[in-house]
Amino acid sequence: MHDANANRAAQTFALLTASAVLVNPVGLHARPSVKLTQCAKGFAAKIEIALAADGPWTDAKSPVKVMRVKAPQGATLHFRIAGPDGEAALAAMLALVHDGFGEA
Amino acid sequence: MGEIHLTGHPASPGLAIGPVAVLTRAVVNRAAKDDPAQEAAALKAAIEGAAVELAELIATVHGEAAEILEFQVAMLGDDALAESAYEAVAAGATADDAWRAALDAEIAGYRAAEEEYFRARAADLVDIRDRVLAGLNGAAPIAKISGDSVVMGDDISPSTFLAVDWTRGGAIALAAGSPSSHVAMLARARGAPMVVGLGPLPWNGQPPSIALVDGDTGTVIFDPKPETRRLFEHRMAVANAAQIAADAGRLKPAVTADGRRIAVLLNVAAPEELASLDPAICDGIGLVRTEFLFEGSRGLPGEDAQYAVYRRILDWSAGRPVTIRTLDAGGDKPIAGLTIDSERNPFLGLRGIRLSLARPEVFRVQLRALCRAAVHGTLKVMLPMIAIPAELDRANAMLDAEFAALSAEGIACARPLLGIMVEVPAAALCAEDFGAAFYSIGSNDLTQYTMAAARDIGAVADLNDAGHPAVQALIARTVEAGRKRGVEVSLCGDAAADTRLTKALLATGLTTLSVSPIAVARLKATIARVTT
């Protein structure tokens with residue numbers, strides 16, 4: 001349900017992409033995954049992450065799926081965002097990663 | 001039935017006495033409905049119920065414990081977790097079968113992860129799985145455990161552990177389990193005594209009613225005789241008084257009753273352990289195990305990654321000496337892609353320095369990282385499992401070469417002092433023959449090789465005694481060699497933290513002991529009572 005809405009949004013808004021290196025000690029583990037998904041859920045935009053620029057893409061609002069990515073420290077995290085508040089969402093996501101999810 | 005003594009492995013120190021509470025698995029089989037809609041509703045209710053229970057639990061804890069539970073709540077609240085379970089239910093599976101299969105697949109994914117950190121999260125998923133299953137079965141999610149109980153079972157989940165108020169003096173005794181589990185870490189942080197690896201529990205049907213848990217030695221006594229219990233209670237009273245006095249003296253230097261200053265150093269397995277510690281509790285770090293760098297990562301760690309970790313440790317110690325041990329793989333510490341799997345007796349095989357010399361391309365990377373880190377503090381490097389001087393000589397030559405190469409490249413570096421661990425009896429007997437910059441006695445391996453008895457084999461565990469005169473003689477001989485050569489001798493095995501041995505160890509002339517952070521207060525208090 002949620003994905004269908006986001007897809008509709010994706011059709012009318014520009015696709016924003018960016019990447020950042022995971023600097024916190026153990027990568028995108030439990031605590032950062034929870035923080036990332038909580039932050040993502042605060043935006044209407046469809047937000048996806050991937051370990052490579054060409055995907056596969058993962059819904060950044062699902063902690064279960066984000067944990068399945070098992071992104072280690074030093075990995076480059078790619079973002080793909082589309083939606084009315086896409087710019088703000090991208091800025092928030094990048095700030096979170098650069099900040100090491102408050103753990104660095 | 002008379003009293004029963006079981007020996008396992010200490011996972012969290014301290015003494016406790018209490019009624020036995022046995023963790024039982026939910027065995028009640030629910031009556032599954034034939035209707036997929038009812039099954040789906042039952043599953044949904046159980047998942048939501050589990051999330052509510054966890055949320056209530058979160059309100060009672062904080063810090064790391066709360067974060068573990070918040071992660072579980074976030075996972076439970078995500079529809080993606082149960083997606084395949086609902087699909088299976090729609091196709092006719094029962095709610096519990098469908099949920100178990102969905103979570104087992106998820107858990108298998110975590111267990112297959114390359115990073116140790118992600119593998120360790122499998123325990124949290126097991127916890128989630130069982131909590132929801134208990135809800136489906138209508139069983140009380142957790143056996144009612146009062147805070148003064150000795151909790152027994154095969155293993156214990158983090159959420160079960162966190163549901164108990166451990167300030168009331170309870171303890172944990174497990175048939176299986178590991179001293180490095182999440183729960184063991186939590187138990188040490190909460191001061192709950194814990195013993196693991198007791199093996200099959202020797203009773204059928206009626207469990208014992210009372211247990212005495214000794215988290216210092218890893219022993220548990222069930223249904224003690226009155227005299228046994230009285231002696232244990234006396235020990236507890238003494239230990240409590242000692243702990244109160246010891247905590248007060250943790251930041252003070254260790255001095256014997258007759259005024260001899262003893263250096264107390266820390267054993268560290270991972271730099272994260274240092275984060276919450278004040279460096280003032282110690283005179284430096286006596287042992288940094290570097291195996292953690294090589295476990296579960298993608299292949300072997302690079303020079304920069306090692307350098308960053310070593311530097312972090314030196315920065316923490318703020319000028320106090322830090323002794324880093326080069327990779328001690330092999331024996332009971334296998335590392336994928338490095339150690340040999342097929343050795344018939346790995347403790348007598350290619351391990352420690354032997355493996356490093358056999359794999360110079362791996363060893364060189366570590367030596368380079370150590371030379372680069374050495375500019376950030378007082379770094380000493382020690383070699384494990386040294387048996388003959390030629391091993392030290394070869395390592396010295398390699399260290400010289402890497403130091404020279406880094407210098408030639410214009411990279412900031414220093415040549416750390418190179419010493420040896422004395423843990424093979426041959427090295428102890430001939431310690432004087434080694435051109436080592438220092439000696440560090442590894443009492444665990446020295447004891448096992450001297451007594452020819454492994455400590456993890458219950459049938460011979462009694463023989464594995466660091467206090468045996470033969471082991472003590474080898475320690476004394478090493479101390480004497482250090483005195484003659486004018487180099488420092490320290491001891492970094494578990495014997496250093498065994499306060500029953502402190503007087504004997506100091507009597508050999510040892511002036512430096514290295515122990516895990518949790519043992520510092522008690523060791524310093526013991527030293528203060530020793531006259532040498």
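Of the 532 residues of chain B, 44% count as buried in this predicted model. The secondary structure of chain B comprises 19 helices and 17 strands. Contacts in chain B between residues at least 6 apart in sequence were also examined, and 67% of them join residues at least 24 apart.

Helix packing in chain B is illustrated by H3(B) and helix H4 (residues 95-111) of chain B. Two packed helices are described by the angle between their axes and the distance between the axes. For H3(B) and H4(B), the angle is about 140° and the axes lie 8 Å apart. The crossing of H3(B) past H4(B) is right-handed. On the H3(B) side, the contact involves Leu81(B), Ala82(B), Ser84(B), Ala85(B), Ala88(B) and Val89(B). These residues meet Ala95(B), Ala98(B), Trp99(B), Ala101(B), Ala102(B) and Glu106(B) of H4(B). By class, the contact of H3(B) with H4(B) consists of 10 nonpolar residues, one polar and one charged.

Chain B also touches chain A. In this interface, 15 residues of chain B are in contact with 14 residues of chain A. Three elements of chain B give two or more residues to the side that touches chain A: helix H2 (64-76), helix H3 (79-90) and helix H5 (116-120). H2(B) gives the most, with five residues. The residues on this side of chain B divide into eight nonpolar, one polar and six charged.

Chain A contains an open sheet of four strands. The strand order is E1-E4-E2-E3 (chain A), and the pairing is antiparallel. Strand E1 (16-21) and strand E3 (58-59) of chain A are the edge strands, each pairing on one side only. Strand E2 (residues 46-50) of chain A pairs with E3(A) in the antiparallel sense, over two bridges. Within this pair, Ile49(A) has Thr58(A) in E3(A) as its bridge partner. The loop between E2 and E3 of chain A holds Pro56(A). The peptide bond from Gly55(A) to Pro56(A) is cis, with omega near 5°. Helix H4 (residues 86-98) of chain A lies across E1, E2 and strand E4 (76-82) of chain A. This helix runs at about 5° to E1(A).

Individual residues of chain B were then considered. Gly49(B) lies in helix H1 (residues 36-58) of chain B. Gly49(B) is partly exposed, because 17 other C-beta atoms lie within 10 Å. Leu136(B) is 87 residues from Gly49(B) along the chain, and the C-alpha atoms of the two are separated by 9.5 Å.

Two loop residues other than glycine have positive phi values. In Asp223(B), phi is near 40°. Asp223(B) is found in the loop between strand E8 (219-222) and helix H9 (226-248) of chain B. With 18 other C-beta atoms within 10 Å, Asp223(B) is partly exposed; a residue is buried if 20 or more lie within that distance. Ala318(B), which is not a glycine either, has a positive phi of about 50°. Its place is the loop between helix H11 (303-317) and strand E12 (322-325) of chain B. Ala318(B) counts as exposed, because it has 9 C-beta neighbours inside 10 Å and the limit for an exposed residue is 12 or fewer.

Methods:
Residues are numbered from 1 along each chain as its sequence is written. Chains are lettered from A and ligands numbered from 1 in the order in which they are written. This is a predicted model: local features need pLDDT of at least 70, side-chain atom pairs count only at pLDDT 80 or more; totals for chains, interfaces and linings use all residues. Two residues are in contact if their C-beta atoms, placed from the backbone, lie within 7 Å. Ala, Val, Leu, Ile, Met, Phe, Trp, Tyr, Cys and Pro count as nonpolar, Asp, Glu, Lys and Arg as charged, and the others, Gly among them, as polar. Two strands pair if DSSP finds at least two bridges between them. Axes are lines fitted to C-alpha atoms, for helices over the stretch in contact, and angles run from 0 to 180 degrees between N-to-C directions. A crossing is left-handed if the near helix is turned anticlockwise from the far one by less than a right angle, and right-handed if clockwise.
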